[in-house]
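Here is a short tour of one protein chain. Have a look at the sequence and the 3D view, then read on.

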Amino acid sequence: MTDRAPRRILTAAATALLAAAGLTACADDTGGASQPGKVGVVAAFYPLQFLAERVGGDTVAVSNLTKPGAEPHDLELNPRQVGEVVDADLVVYLSGFQPAVDEAVEQNGGDRAFDVAGVTPLRDAAAGGHDHDHEGEGEGEAEGEHAEESGGKDPHVWLDPTRLATIGDKLAERLGKADPDHAADYTARAGALRTELTKLDTEYADGLRTCQRREIVTSHTAFGYLTERYKLEQIGISGLTPEAEPSPKRLAEVAEEAREHQAGTIFFETLVSPKVAETIAREVGAKTAVLDPLEGPPADGDYLSAMRTNLQTLRTALDCS
């Protein structure tokens, strides 16, 4: 493992903040990644935590910068979390998704960063039919700002299991460089995870092959990778940033499309208010259901079980045989 001592020197400003907050001797309440004898890995948000834990196994200690129940898009780091980035052997993040993490990595951890966005090409935010045709008019400044931050790319790559498997393989390579003594173990665990994700991919392909409808109406336009992979069409009410308020014009457009496609279900997610989805559902006489974008940890189980729950939810909503 690499020597952490040189990395414990924070910038003067960060050191002052840590001292003022009295946090330098405390463990992070998200679970510290610094444990003797283990590779310290900091993950930016849940799917990357899942990946690091599965590939790293018992030779790594993983900390998640995004607390359970928090919406990761607009994460702000406190001094303690900046200290985690500084001390980590490896920081696993997705550039363009969380600007505060991007800044912390650039200032303190660039040489120890594993950027998921550099592993597999990201979709254009405007790709995928109806996914983003609402962006622009009436969306408000927040959505435009996020679009600029993300470089016009859709970050939700983990919702395609095949892409996540590729990221896992590359993460194993990077962990092997940080910890050569266990490189073979990381490769083996990534291979085992790839087998599980390939099985999940087959379940999705088979389960969604024959459905009466192929359009899903979602409150948050997070499912472009999933719909692209399994030949569905996403009609997003809001954009890539779930807090963005859709304009009345956009609400009317979505309601019209929902009626046109005879959508019986309007999907919302766990980390944001369901009010917009409920408004559309009342307008068109549909019900609502949760479709989890897995930006945070599921209440029960893990990534794999939550994705299987999503599959069953989709099969019910789309009347799949």
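Predicted model: local features only at pLDDT ≥ 70, side-chain atom pairs only at ≥ 80, totals over all residues.

What follows covers confidence, a pair of helices and one methionine.

Across the protein chain the pLDDT averages 83, and 80% of the residues score at least 70. Residues 1-31 are another story: the pLDDT there is below 50, though the stretch has 48 contacts in the model beyond near neighbours in sequence. Over residues 131-151 the pLDDT also stays under 50, and the model has 43 contacts for them beyond four places in sequence.

## Two helices side by side

Two packed helices are described by the angle between their axes and the distance between the axes.

Who does the touching? On the H6 side, the residues include Pro 161, Leu 164, Ala 165 and Leu 175, while H7 brings in Tyr 186, Ala 190, Arg 194 and Leu 197, among others. The residues of this contact divide into ten nonpolar, five polar and three charged.

## Zooming in on Met 307

Now hop over to helix H11 (residues 303-317), where you'll find Met 307. Is Met 307 buried or exposed? Its relative accessibility is 0%, so Met 307 counts as buried.

Leaving out residues up to four places away in sequence, Met 307 touches Leu 159, Pro 161, Leu 200, Tyr 204, Leu 226 and Leu 294. Pro 293 is 14 residues from Met 307 along the chain, and their C-alpha atoms are separated by 8.8 Å.

Methods:
Residues numbered from 1 in each chain as written. Heavy atoms only, no water. Contact = heavy atoms within 4.5 Å. Helix = DSSP H or I, 4+ residues; strand = E, 2+ residues; numbered from the N terminus. Nonpolar A, V, L, I, M, F, W, Y, C, P; charged D, E, K, R; others polar. Buried < 20%, exposed > 50% of the residue type's maximum accessible area, 1.4 Å probe, protein only. pLDDT = per-residue confidence, 0-100.
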